[in-house]
Amino acid sequence: FLGVVLFLLVTAVAFRGLPTSRDALVFWILLGLFAACLTDLRRWGRGVLVDWLPFAFVLFTYDLLRGYADRLFEPHIWPQLRADELLFGVVPTVWLQDRLYDPGTVHWYDVGISLVYVSHFFAVWALGPVIYVRYHDRWGRYARRALGLSFAGLLTYVLLPAAPPWYA
């Protein structure tokens, strides 16, 4: 059954792209966990109710609060740009783009850099099921750390909102 779920996921990704919305990620994760725990449905039920639904709820709450944080203060742009210029003599992102960006051509490093960038949006969700199924004894620590880091990042953004360098 896990093979069927993986086939469905690959097919969905091929036609619709990577699922990046939280609700789509939770759907695929719960379906995958169901397939992985098919021999122990009690573990799956307990896992969904006790482990995954609270985890997903807190991350949904994080997303909601992050949306409100965008409205509290204007993001800072210039202090970090001036710090880059002071430290490096140039703005590193501009320097890199001048040397690596080739309009109309996708290089291998463009793909790698893009994957690293978008991993921010789904890495916590993608690693969670693997840790839950393979290293269940470490799940609680993983969940607490992932949520703690998420909210520490949110607090940092609320206190000192900063736009990425390319925004300027």
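Predicted model: local features only at pLDDT ≥ 70, side-chain atom pairs only at ≥ 80, totals over all residues.

Which side chains meet in a salt bridge? They are those of E85 and R82, with a nitrogen-to-oxygen distance of 3.1 Å. By salt bridge I mean a side-chain nitrogen of Lys or Arg within 4 Å of a carboxyl oxygen of Asp or Glu. By this rule the count comes to 1 salt bridge.

Residues are numbered from 1 along each chain as its sequence is written, and side-chain values use heavy atoms, with hydrogens and water left out.

Let me return to the pair. Both E85 and R82 lie in helix 4, 3 residues apart, which is about one turn of the helix. Helices here are DSSP runs of H or I with at least four residues, strands are runs of E with at least two, and both are numbered from the N terminus. E85 is partly exposed, at a relative accessible area of 33%, and R82 is also partly exposed, at 44%. On this scale, buried means under 20% relative accessible area, exposed means over 50%, and partly exposed lies in between, using a 1.4 Å probe and protein chains only. In general, side chains of opposite charge can pair when their charged atoms come close.

Now to D84, which is also placed in helix 4, spanning residues 78–88. Is D84 buried or exposed? D84 is buried, yet has no salt bridge. Its nearest side chain of opposite charge is R82, at 9.2 Å. Leaving aside neighbours within four places in sequence, D84 is in contact (heavy atoms within 4.5 Å) with G89, V90, V91 and P92.

I turn to the protein as a whole. It has 7 helices and 0 strands. Its radius of gyration, taken over C-alpha atoms, is 20 Å, whereas a compact globule of 168 residues would have one near 15 Å. That globule rule is 2.2 Å times the number of residues to the power 0.38. Along the principal axes, the C-alpha atoms fill a box of roughly 60 × 40 × 25 Å. Of the 168 residues, 24% count as buried. Among contacts between residues at least 6 apart in sequence, 69% join residues at least 24 apart.

As for charge, there are 14 positive and 12 negative side chains. Lys and Arg count as positive and Asp and Glu as negative, while His and the chain ends are not counted. The centres of the two sets lie 13 Å apart, with each charge placed at NZ of Lys, CZ of Arg, CG of Asp or CD of Glu.

Finally, some distances, C-alpha to C-alpha. P164 lies in the segment after helix 7 (139–159) and is partly exposed at 33%. P164 and I77 are 87 residues apart in sequence and 7.4 Å apart in space. V106 lies in the loop between helix 5 (92–100) and helix 6 (108–134), and is exposed at 67%. V106 and L33 are 73 residues apart in sequence and 36 Å apart in space. L8, in helix 1 (residues 2–16), is partly exposed at 41%. L8 and R42 are 34 residues apart in sequence and 24 Å apart in space.
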